[in-house]
Amino acid sequence: MNKEMSETLVRTGPGTPMGNLMRRYWVPVLQSSEIAEPDGPQVRVQILGEKLLAFRDTSGCAGLINEFCSHRGVSLYFGRNEEGGIRCAYHGLKFDLSGQCVDVPSAPQVCSRMSIKAYPCIERGGIVWAYMGPADKKPAPPEVEWCNLPPSHVYVSRRLQECNYLQAMEGGIDTSHVSYVHRYEVDIDPMHQGTKANDYIKADGNVIFDIEKTPFGLTLFGRRNGEPDSYYWRVTQWLFPWFTLIPPFGDHALGGHVWVPIDEYHCWAWSINFHPNKSLSAEERRDMERGKGIHVEYEPGTFRPKANKDNDYLIDRVAQKDKRAYSGVFGFSMQDASLQESMGPIQDHEAERLLPTDKAIVMARRMLHEAALGLEQGIEPLALDASAQRVRAAGVLLERSANPTDWAKEHLADGINQSVYSV
């Protein structure tokens with residue numbers, strides 16, 4: 001990837017081509033539980049390079065405003081959340097959910113010119129989502145399957161990842177690495193163990209890809225040997241611009257991620273597990289809370305993983321030698337994050353030498369780049385129609401003569417009304 005393309009893709013702050021593109025979609029900001037109580041404590045949030053403040057007002061509505069008061073630039077984190085807005089603790093200016101200044105005690109007549117930036121919010125899937133783009137371009141709310149299920153069916157977590165969103169998200173798109181970095185974890189993790197998919201993944205690391213461009217992004221068909229008369233296909237979905245859906249394992253919960261830039265050097269990695277038609281069991285939820293599967297254990301009081309770059313991700317060389325952890329790092333998410341962060345805060349894309357298994361990553365980069373540049377020319381980006389998000393990932397055994405694209409069109413189109421396909 002050349003320098004111009006790389007610079008365009010990794011920069012997401014205000015006014016950048018990629019930042020403008022991402023602001024055209026609903027952005028996951030924080031969990032609803034982080035601002036659970038009306039008039040409760042406000043929370044600092046940084047998204048797409050902007051320092052913001054999330055809070056729940058007296059009526060129970062969630063809001064997202066500029067962190068800083070328009071008067072003297074004081075952080076409203078130190079203000080008071082009361083009576084329908086945030087009041088600055090310095091001189092008493094008060095701001096509501098829309099960013100309107102509703103009170104200037106010393107000069108009421110100037111309220112109208114003291115407003116601050118604010119973004120409209122909705123709540124779905126236990127997440128507060130914000131729309132940060134032009135007001136007249138606001139799309140319909142997201143329809144990714146898990147965000148419209150009952151709370152009993154879904155578990156959501158987020159963690160800090162200390163690198164650019166692009167290299168993190170590309171790990172979610174890439175299904176070939178599963179045969180390597182996760183090959184021992186799948187046997188012991190309670191949310192993956194005991195499935196035939198594990199056998200096929202470990203037996204065949206030579207994945208062959210078919211990629212289909214779709215109205216919502218990309219469908220990735222990863223082919224491995226299955227039974228003597230069949231192939232095992234892992235069907236991964238990339239939903240433009242930042243959702244990934246993980247092919248399921250047996251009867252375990254389905255999963256997915258959202259990769260949201262904080263700034264150029266950090267991102268939020270959201271991890272979601274869900275059952276479409278039943279509640280998560282108490283055991284499943286307990287395992288997720290303990291950091292199993294695609295979730296993590298945290299440093300107390302933070303969203304930073306307990307295993308992080310400052311402790312070499314708690315790498316265990318004995319476990320690596322004993323074939324209990326392929327890289328010596330435990331946990332699916334940290335196995336991936338440790339390698340992605342090792343590339344540096346922003347990967348040197350000009351130095352990389354890509355392989356045939358990177359075809360989907362190349363296509364995703366081109367789609368993002370073309371959409372960002374196209375938006376500058378007035379071309380509307382793809383996947384603004386939320387109904388296009390109603391798809392599912394899958395794991396399936398098909399006869400060797402079968403065309404997986406044809407199978408997907410029949411069984412995964414409008415996937416939330418289909419059966420779950422898993423091996």
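Q: Which residues do ring pairs link into a cluster?
A: Y25, W238 and F240. Rings of Phe, Tyr and Trp (its six-membered ring) pair if their centres lie within 6.5 Å; planes under 30 degrees apart count as stacked, over 60 as edge-to-face and the rest as tilted. This is a predicted model, where local features need pLDDT of at least 70 and side-chain atom pairs count only at pLDDT 80 or more, while totals for chains, interfaces and linings use all residues. Residues are numbered from 1 along each chain as its sequence is written, and side-chain values use heavy atoms, with hydrogens and water left out.

Q: OK, how many aromatic pairs by that rule?
A: The count is 13 aromatic pairs. One of them is Y200 with Y232, a tilted pair at 5.3 Å centre to centre with 40 degrees between the planes.

Q: Where do those two sit in the chain?
A: Y200 is in helix α5 (residues 196-203) and Y232 is in strand β15 (residues 230-239), so the pair links distant parts of the chain, 32 residues apart. Helices (H or I, at least four residues) and strands (E, at least two) are DSSP runs, numbered from the N terminus.

Q: Is Y200 buried or exposed?
A: Y200 is buried, because its relative accessible area is 5%. Y232 is buried too, at 0% relative accessibility. Buried means under 20% relative accessible area, exposed over 50%, partly exposed in between (1.4 Å probe, protein chains only).

Q: And W268 with F303, why is that pair edge-to-face?
A: Because the ring planes are at 85 degrees, with the centres 5.9 Å apart. W268 lies in strand β18 (residues 266-274) and F303 in the loop between α6 (282-289) and α7 (317-321), so the pair ties together parts that are 35 residues apart in sequence. W268 is buried at 13% relative accessibility, whereas F303 is partly exposed at 27%.

Q: Which ring does the charged end of R44 sit over?
A: The ring of Y77, 3.7 Å from its centre. R400 lies over the face of Y231, at 4.4 Å from the ring centre. A charge sits over a ring if NZ of Lys or CZ of Arg is within 6 Å of the ring centre and within 35 degrees of the ring normal.

Q: Changing topic. What touches P120?
A: Leaving out residues up to four places away in sequence, P120 touches W26, W129, A130, Y131 and K138. Contact means heavy atoms within 4.5 Å. P120 lies in the loop between β9 (118-119) and β10 (121-124).

Q: How far is P120 from L97 in space?
A: They are 8.2 Å apart, C-alpha to C-alpha, and 23 residues apart in sequence. P120 is partly exposed, with a relative accessible area of 35%.

Q: What volume does the largest cavity have?
A: About 400 Å³. Of the 29 residues that line the largest cavity, the closest to its centre are H192, R234, I246, H257 and I294.

Technical notes: On a 1 Å grid over the protein atoms alone, a cavity is a set of points where a 1.4 Å probe fits but cannot get out, and a pocket is an open set with protein on both sides within 12 Å along at least five of seven lines; lining residues have an atom within 4 Å of a point. Grid points are joined across faces, edges and corners, and a volume is the space filled by probe spheres set on the points.
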